[in-house]
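The sequence and structure come next.

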Amino acid sequence: MASSPFDVEDFRRAALELDEPQLDGYDLFCDTSGLKIFRHRRESGLHEYKIYGVLNGLEPERVVRVYCDYKYRAEWDSYVAELKELREVEFNRGKAIYWCVKYPFPMSNRDYVFFRETREIQSETTSTTHVALSKDLTLAAYPPKSKIVRVDDFYQAISVRKDDQGSKVFMHYYDNPKGSIPTWLINWVVKVGESKQALLIYILNSKTAAPSWLKTLENACIKYESYSQKNTD
């Protein structure tokens, strides 16, 4: 049985972002729809993103369940080509997941093999913070597929905590989608709110995430109870 690549300090750092944003080296890229998006330029020229905002009227437990329910995501995320748990691989914590994302023509679809783990972080000064961490994973049993670009440099964190309005949310996202995606197009996608995971995938869950993607996640949370009832009867 394999070990998780994350330790408790990784989860604590992600939870702390809701109280003390760590933004050294980051610039404010966009402030829209109640979300603040910051980005950091890596030496490679690619950017990683940190996003802070609120999902109104939603309990954190539901947000995390929806974010991690890969079967349900195939229902509400139109960019999912394939999404499944790799049950052949066992970890002491968390799950291995395969995810194929639709890209617009003429670009090739991207796919990911990654590990995801969730934990609840307790604090004496705040309510419980629900944290999900994901990163790329190399598995010999799941090599790259023909005509699909394998993304092998990927990280995503999402932290969710209850507040007076609903759920306070932090997301940290980075991936290297490979291929030639123009920088101006990536910037436009993040600003106007298309799913970054649909262009960078076209930065949570998918990935993860510009304004319209979080709005889609919010709508999916509202409909989750009805979905769960239909699929447990």
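## An exposed arginine and its partner

Arg87 counts as exposed, because its relative accessibility is 55%; exposed here means over 50% relative accessible area, buried under 20%, and partly exposed in between, with a 1.4 Å probe and protein chains only. The side chain of Arg87 forms a salt bridge with Glu85, and the closest N and O atoms are 3.6 Å apart. A salt bridge is a side-chain nitrogen of Lys or Arg within 4 Å of a carboxyl oxygen of Asp or Glu.

## Basis of the model

The model is predicted: local features need pLDDT of at least 70, side-chain atom pairs count only at pLDDT 80 or more, and totals for chains, interfaces and linings use all residues. Residues are numbered from 1 along each chain as its sequence is written, and side-chain values use heavy atoms, with hydrogens and water left out.

## The chain as a whole

The chain contains six helices and ten strands. Both are DSSP runs numbered from the N terminus, helices being H or I with at least four residues and strands E with at least two. Of the 233 residues, 50% count as buried. The accessible surface of the chain is about 11700 Å², and carbon and sulfur atoms account for 47% of that surface; these areas come from the Shrake-Rupley method with a 1.4 Å probe, and for residues only the protein chains shown count as cover.

## Strand 3 and its two partners

Strand 3 spans residues 47–56, and eight of its ten residues are buried. Strand 2 (residues 35–41) pairs with strand 3 in the antiparallel sense over six bridges; two strands count as paired if DSSP finds at least two bridges between them. Within this pair, His40 stands opposite Glu48 of strand 3. The two strands form a hairpin with five residues between them, and Gly45 in the turn has a positive phi of about 95 degrees.

Strand 3 is also joined to strand 10 (residues 166–175), antiparallel, by eight bridges. Here Val54 stands opposite Lys168 of strand 10. In a regular strand the side chains alternate between the two faces of the sheet.

## A buried aspartate

Asp175 lies in strand 10. Asp175 has a relative accessible area of 3% and is therefore buried. Its side chain makes polar contacts with the side chains of Tyr112, at 2.5 Å, and Tyr173, at 2.8 Å. A polar contact is a pair of N or O atoms within 3.5 Å; within protein, one must be able to donate a hydrogen and the other to accept it, and residues adjacent in sequence count only if both atoms are side-chain atoms.

## Other salt bridges

Side chains of opposite charge can pair when their charged atoms come close. The chain has 16 salt bridges. One of them links Asp10 and Arg13, with the closest N and O atoms 2.5 Å apart. Because these residues are three apart in helix 1 (residues 8–16), about one helical turn separates Asp10 and Arg13.

Lys162 and Glu59 also meet through their side chains in a salt bridge, at 3.1 Å from N to O. Lys162 lies in strand 9 (residues 154–163) and Glu59 in the loop between strand 3 and helix 2 (60–68), so this pair ties together parts 103 residues apart in sequence. Lys162 counts as partly exposed at 45% relative accessibility, and Glu59 counts as partly exposed at 41%. Elsewhere, a network of salt bridges links Glu82, Lys84 and Lys145.
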